[in-house]
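Here is a short report for a reader new to this structure. Keep the sequence and the 3D view at hand while reading.

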Amino acid sequence: MSFNEYLELEQFSLGRKEKEKHFSNLLINLNEYHLTNSKEYKKISEIYFHRNKKISLINDFPFLPVSVFKSKLLSSVPQENIYKILKSSGTTGSIPSQIVLDKETASLQTLTLSKIISHVVGKERLPMIIVDSKSVLKDRKSFTARGAGILGLSIFGKKHLYTLDDNFDLLKEELREFAKKYNGEKILIFGFTFMVWQYLATTDLDFEIDLSNAILIHSGGWKKLQSMAVDNATFKKTLFDRFKIQSKNIYNFYGMVEQVGSVFLENSDGYLHCPNFSEVIIRDPKDFSVLPHGKEGLIQVLSILPKSYPGHSLLTEDIGVIMGEDDASNGWKGKYFKILGRTKKAEIRGCSDTFKK
């Protein structure tokens, strides 16, 4: 099956055997492309990954630690083809990851995001609330993860309302007018999880908003909420109690700037689900062996989309567990998993040092 034919398949439609066959073939081709076009990736592969090892299955794929992108700008395209550079949001004082995009990869990212999100939103553009400030979109050449997320999701909306000003104060009057116009209608809300909690779920308002038909998509910031004893169930219950947003219409997703196109959307069972374009493997933190379903370990994410840089197989710093495969209650095929937290010792020792040799 060709890459373009694979892109046209309905999302969450591939069972384990069929996905293993087509996904692994496309990933092998992408890996060879990066070996040919990225000197840095070829160097890592020759020194660290033992290129003589045959790759035939998804589980065979070597991986880069996500931390590599904090120390090196990896690229598989000529300098003149660089369209924009994405930067991870990170914490204050931390070194951000930098991800190179050309127009082809950026276009693929938009296309695949559309196929995944439209699965739950539908194809009709909806009036949209964005729980953030428009200021995060100022530099179109160098986006943070937040800016990229907003830009990507905004294509599903119309009549966009950014609820915060440049100082991150709530624009109450604008929100009031939006509520008057669209109260009780089907609308789309997007924001990063902690911001949705801080600036929507727990904000005092002197007017009513009926969001009973709203669809909320959110991601990131769980670490801050967990320190406040706010889990996914509490998050959803609070939004229902305040605005009548139905739990079934609230979708968390897991993604990262280091791997464009990997968007793992929450399924009806409350777990993160692999789309056709992406896959996850759970590895033992001690020896990086593949762990069976139900065992906790480091999350490896794989994607057939990143062509402008070698981000197709990455070892994250997150601990997770695969909860099942091909049997989600909403009928989606593929693996589904949950994230348990982050490890402080996820970086593969020696891999980053390869650049110094």
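Asp-241 is partly exposed, with 44% relative accessible area. This is a predicted model, and the values below are computed from it.

**A pair within one helix**

Asp-241 has a charged partner. Its side chain meets that of Lys-237 in a salt bridge, 2.7 Å from N to O. Both residues sit in helix 10, which covers residues 232-243. They are four residues apart there, so about one helical turn separates them. Lys-237 counts as exposed, at 52% relative accessibility. The cut-off for exposed is over 50%, so the 44% of Asp-241 leaves that residue partly exposed. Side chains of opposite charge can pair when their charged atoms come close.

**Salt bridges across the sequence**

How many salt bridges does a search of the whole structure find? The search finds nine. One of them joins Asp-206 to Arg-176, with the closest N and O atoms 3.3 Å apart. Asp-206 lies in the loop between helix 8 (193-201) and strand 8 (215-219), while Arg-176 belongs to helix 7, so this pair ties together parts 30 residues apart in sequence. Asp-206 is exposed, with 59% relative accessibility.

Glu-279 and Lys-335 form another salt bridge, and here the closest N and O atoms are 3.9 Å apart. Glu-279 is in strand 12 (residues 278-283) and Lys-335 is in strand 15 (residues 335-342), so the pair links parts 56 residues apart in sequence. Are these two partners buried or exposed? Glu-279 is buried, at 5% relative accessibility. Lys-335 is buried too, with a relative accessible area of 11%. Salt bridges with shared partners join Lys-19, Glu-279 and Lys-335 into one network.

The three pairs described above are listed here.

| Salt bridge | N to O distance |
|---|---|
| Lys-237 and Asp-241 | 2.7 Å |
| Asp-206 and Arg-176 | 3.3 Å |
| Glu-279 and Lys-335 | 3.9 Å |

**A positive patch**

Next comes the surface. Arg-125, Lys-158, Lys-159 and Lys-181 form a positive surface patch. Lys-181 is part of helix 7, residues 172-182. Its relative accessibility is 54%, so Lys-181 counts as exposed. Helix 7 also holds Arg-176, the salt-bridge partner of Asp-206.

**An enclosed strand**

Strand 4 spans residues 126-133. Why does it count as largely enclosed by the rest of the structure? Eight of its eight residues are buried, so the rest of the structure largely encloses it.

Which strands are joined to strand 4 by bridges? Strand 6 (residues 157-164) is one of them: it runs parallel to strand 4, and five bridges join the two. In this pairing, Ile-130 stands opposite Tyr-162 of strand 6. Strand 7 (residues 188-192) is another, also parallel to strand 4 and joined to it by three bridges. Met-128 stands opposite Leu-188 of strand 7. In a regular strand, side chains alternate between the two faces of the sheet.

**Near the start of the chain**

Tyr-6 belongs to helix 1, residues 3-7. Tyr-6 is buried, with 0% relative accessibility.

Terms used: Residues are numbered from 1 along each chain as its sequence is written. This is a predicted model: local features need pLDDT of at least 70, side-chain atom pairs count only at pLDDT 80 or more; totals for chains, interfaces and linings use all residues. Side-chain values use heavy atoms; hydrogens and water are left out. Patches are made of residues with over 30% relative accessible area and no salt bridge: like charges are joined within 9 Å, nonpolar side chains (Val, Leu, Ile, Met, Phe, Trp, Tyr) within 5 Å. Accessible areas come from the Shrake-Rupley method with a 1.4 Å probe; for residues, only the protein chains shown count as cover. A salt bridge is a side-chain nitrogen of Lys or Arg within 4 Å of a carboxyl oxygen of Asp or Glu. Lys and Arg count as positive and Asp and Glu as negative; His and the chain ends are not counted. The place of a charge is taken as NZ of Lys, CZ of Arg, CG of Asp or CD of Glu. Buried means under 20% relative accessible area, exposed over 50%, partly exposed in between (1.4 Å probe, protein chains only). Two strands pair if DSSP finds at least two bridges between them.
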